[in-house]
Amino acid sequence: MTMTLRTEALCKQWGGFKANTDISLTFEPGARHALIGPNGAGKTTFINLLTGGFPPSSGKVFLGDEDITRLAQHERVKRGMTRTFQINTLFAGMTVLESVMLAICERRGLQKVWWETVANHADVVEEAMALLATLKLTKEANSITRSMAYGKQRLVEIALALATRPTILLLDEPAAGIPSAESKELFEVIAGLPRDVTVLFIEHDMGLVFRFADRITVLVGGKVLTEGTPEEIAADPRVKEVYLGEAEHA
Ligand SMILES: Nc1ncnc2c1ncn2[C@@H]1O[C@H](COP(=O)(O)OP(=O)(O)OP(=O)(O)O)[C@@H](O)[C@H]1O
Ligand SMILES: [Mg+2]
């Protein structure tokens, strides 16, 4: 079931410094929603408030009708909200298929049987292969993750996140640190994910943002400057000012 994610006047303060101020946003089911803004605008902070990385100073987060503001991270994952994490050393040394199967087994509560009787769980292999096909990783199923190109490793991270069956996927600069030729391919796969997954992503490359987002929110100084379609944002003089200002100081 797809659900709307919504925030109500979310604030996060570190001492006297306000990293997020009164952020009220709605993320429609199936959206490819980009969160943009200069360095230090509070984008990562906002994602952490959504996932439960730390509690807000005030304000609320709703998933559907449920107030999830105080839920632990794993409880939010159970309800369908997932973010990517960098592949840890264990996963990096495994094959792509093994990693994704492990994540699926974890979701299904099959951790104990994993090392003994994988053969008895052909449906896990099937689900994993279907997921890899969605991410165009079929050919890499038997590759060791750490030996792959960085862009492909990012796709494996997304596969691991999708193994939790999210309805909302949160991506904080998924293309950071990968060659630009690979980042376009990465975003093509992200944009092409099934529409029952809502995607909220932070990205600095405006070419990628305007190509792949259908909704854009601009954060500046911890506040929402504006929100709209890519056309509306591109035409907004206040947005141009923010980015021109940045370029002048670069
Ligand atoms: N744990 C923390 N304690 C104190 N200040 C913090 C903490 N985390 C973030 N900040 C501050 O909050 C502000 C917003 O940081 P945040 O990481 O959310 O920005 P961002 O928009 O993600 O920036 P970037 O584009 O560089 O990733 C920054 O000034 C940062 O220094
Ligand atoms: Mg950030």
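Predicted model: local features only at pLDDT ≥ 70, side-chain atom pairs only at ≥ 80, totals over all residues.
Figure 1. Five nonpolar, six polar and two charged residues form the shell around ligand 1. That shell holds 13 residues, and the closest to the ligand are Gly40, Lys43, Thr44, Thr45 and His204. Two elements, β2 (17-23) and α1 (43-51), each contribute at least two residues to the shell. The largest contribution comes from α1, with three residues.

**Figure 2. Side-chain contacts to oxygen atoms of ligand 1.** In the side chain of lysine 43, an N or O atom is 2.8 Å from an oxygen atom of ligand 1. Threonine 44 places a polar side-chain atom 2.8 Å from an oxygen atom of the ligand. For threonine 45, the distance from a side-chain N or O atom to an oxygen atom of ligand 1 is 2.6 Å. The protein buries 60% of the 640 Å² that ligand 1 exposes when taken alone.

**Figure 3. Lining of the largest pocket.** The volume of the largest pocket is about 690 Å³. Its lining consists of 23 residues, with Val77, Thr82, Glu106, Leu160 and Thr164 nearest the centre. By class, the lining residues are eight nonpolar, eight polar and seven charged.

**Figure 4. Elements and domains at the largest pocket.** At least two lining residues come from each of α2 (73-78), β7 (81-83), α4 (96-108) and α6 (150-162). With five residues, α2 gives the most to this lining. The largest pocket lies between domain 1 (1-80 + 168-250) and domain 2 (83-165), because both domains give residues to its lining.

Terms used:
Residues numbered from 1 in each chain as written. Chains lettered and ligands numbered in written order. Heavy atoms only, no water. Near = heavy atom within 4 Å. Polar contact = N/O pair within 3.5 Å; in protein donor to acceptor, adjacent residues only side chain to side chain. Areas by Shrake-Rupley, 256 points an atom, 1.4 Å probe, with all protein chains shown as cover. Helix = DSSP H or I, 4+ residues; strand = E, 2+ residues; numbered from the N terminus. Nonpolar A, V, L, I, M, F, W, Y, C, P; charged D, E, K, R; others polar. 1 Å grid on protein atoms, 1.4 Å probe; cavity = no way out; pocket = protein on both sides within 12 Å on 5 of 7 lines; lining within 4 Å. Points joined across faces, edges and corners; volume = space filled by probe spheres on them. Domains from an automatic or database assignment.
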